[in-house]
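Subject: Handing over the structure

Dear colleague,

Please find the structure below, followed by notes on what turned up when I went through it.

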Amino acid sequence: MVYYELKKVFARRGSRIALLFLPMVLAIVMYFIISDERFVNSAGDGENGFAAIRKMRDVQKEWAGELTEDKIRQVIEENQRILATPERQSEDIQQQDIAYSWTQGFSDIRMLINYSFAGFNDYDYYRIDSLSPEVAVDFYPNRIRNLKEFLDTDGKDAFSEKEKEFLIKKYEELETPMRYDYQRGWKYLFQWAPAILMITTMVLGFLCSGIFSGEFQWKSSAILFSSYHGRGKAIRAKLAAGILTGTAVYWGMVLVYTGVVLGIFGADGAGCPIQSTMAGWKSFYNMTNWQLYLLVVFGGYLGCLFMLILVMLASARTNSTAFAVVIPFVLIFLPSFLSGTSISILNKILGLLPDQLLQLNQVVKYFKLYEIGGKVMGAVPLLPVIYAVLGVAAVPLIYLGYRKKQVY
């Protein structure tokens, strides 16, 4: 019966078109990723595409290793040397591009230095140009000092004393010196992951929206409910078909996306902490790129599955495919219109909505804190627990509600 329900899901022309939409999305995303990678050669000319990817990897691998005080000092000294060259001081753009080409190898480390020696919410691309090598000793202490200064000024009223202590402790727990490596593959993988997961979830919502309501649209509900297994095994088969569809399509999309991105850019830097990149510098979650990847894909799967269960619940309760199909759109897009509000309680609620599971690589960047039983924690450990429980609780509601349907 599960096989029969799966056939009904994929028999619709709209379902096949929706499935074809996913590889198109993947192709568009990969086009943007590859075209976004630019390498400036020693002649000052820009290169794009696969050659640029390979050359960027080669020059950045030269700076791989632990980000020790000596490595930071070396980067500052090299930057000063380049600043003093005729090419860098020239007013000719081509000459300036030549000088820029010499900085590409340590460009990621340069960004971290700029963050370290600026304020907590500030970033100045040219900050490193005014630094002396002697300040390298302050690279890691600055990260904690900037946080404390932020909590005493701009963030003074945004966090309780216990939350402030929690954040400072998490910053102090980061193991230093951090390991740095070429990490372009993980950068692009995380950058586009929310878009891939959200679009996949919306397509799956369309595929599964008619699993229960379709019987009423096709006028076959009377036959279904009067059959021997119509109010038992058939309903379980529909639930299984929805979950199997979501699982197969989600993991197919995720694994292809992962394989293509890391296949092109490489998986170098899997063991580097997320704080060793500009995007994760201020995160208080101490984890590696590989750990964040597992969090993103498994958290995304849970979020996708929860939304599909809601779609099937709406489909079973209302007999309306149209109503069911809009649920993922509402849950994904509505929070984005409400975000950024100055209302603290609303921000905390928004931080725990299911759309957050589809963008955990963004969640780890923000200070979304919750105090439960006197213990402070971030949103990341709470989200999977909340929606695993809610998802499991919703399944019996679908089963019990649909088997009691009356046909007139």
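**The hairpin and its surroundings**

Ile 372 stands opposite Lys 375 in strand 6, and Leu 369 is placed opposite Gly 378 of that strand. Before going further, please note that this is a predicted model, in which local features need pLDDT of at least 70 and side-chain atom pairs count only at pLDDT 80 or more, while totals for chains, interfaces and linings use all residues. Residues are numbered from 1 along each chain as its sequence is written, and side-chain values use heavy atoms, with hydrogens and water left out.

Strand 5 and strand 6 (residues 375-378) run antiparallel and are joined by four bridges; two strands are taken to pair if DSSP finds at least two bridges between them. The two strands form a hairpin with two residues between them, and Gly 373 in the turn has a positive phi of about 60 degrees. As background, most residues other than glycine have a negative phi, and most peptide bonds are trans. A cis peptide bond, with omega of about 0 degrees, joins Thr 176 and Pro 177, and Pro 177 is placed in the loop between helix 9 and strand 4 (179-180).

Glu 163, in helix 9, is buried, with a relative accessible area of 7%, where buried means under 20% relative accessible area, exposed over 50%, and partly exposed in between (1.4 Å probe, protein chains only). The C-alpha atoms of Glu 163 and Val 376 are separated by 6.3 Å, although the two are 213 residues apart along the chain. Leaving aside neighbours within four places in sequence, Glu 163 is in contact (heavy atoms within 4.5 Å) with Ala 158, Lys 348, Leu 369 and Val 376. The charged end of Lys 348, in turn, sits over the ring of Tyr 370, 5.1 Å from its centre; for this, NZ of Lys or CZ of Arg must be within 6 Å of the ring centre and within 35 degrees of the ring normal.

**The chain as a whole**

The protein chain has 19 helices and six strands, which are DSSP runs numbered from the N terminus (helices H or I, at least four residues; strands E, at least two). Of its 408 residues, 50% count as buried. Among contacts between residues at least 6 apart in sequence, 74% join residues at least 24 apart. The accessible surface of the chain comes to about 19,300 Å², of which 62% belongs to carbon and sulfur atoms, by the Shrake-Rupley method with a 1.4 Å probe, where for residues only the protein chains shown count as cover.

**Aromatic rings**

A search of the whole structure finds 24 aromatic pairs, counting rings of Phe, Tyr and Trp (its six-membered ring) whose centres lie within 6.5 Å, with planes under 30 degrees apart taken as stacked, over 60 as edge-to-face and the rest as tilted. Tyr 125 and Tyr 126 form an edge-to-face pair, 5.1 Å centre to centre and with 90 degrees between the planes. Tyr 125 counts as partly exposed at 31% relative accessibility, and Tyr 126 also counts as partly exposed, at 49%.

The pair of Phe 159 and Phe 367 is edge-to-face because the ring centres are 6.1 Å apart and the planes lie at 65 degrees. Phe 159 lies in the loop between helix 8 (139-152) and helix 9 (161-172) and Phe 367 in the loop between helix 18 (360-363) and strand 5 (369-372), so the pair ties together parts that are 208 residues apart in sequence. Both Phe 159 and Phe 367 are buried, and they belong to one aromatic cluster that also includes Phe 120, Phe 150 and Tyr 171.

**Nonpolar cores**

The largest nonpolar core has 81 residues, and those with the most contacts inside it are Leu 167, Tyr 250 and Phe 367; such a core is a set of buried Ala, Val, Leu, Ile, Met, Phe, Trp, Tyr and Cys residues joined through side-chain atoms within 4.5 Å. Its largest share, 15 residues, comes from helix 14 (residues 289-318). A second, separate core of 22 residues includes Ile 76, Leu 112, Ala 136 and Tyr 180.

Phe 139, in helix 8, is buried, with a relative accessible area of 1%. Not counting residues up to four places away in sequence, Phe 139 touches Leu 112 and Trp 281, among others. The charged end of Arg 143 sits over the ring of Trp 281, 5.6 Å from its centre.

With best regards
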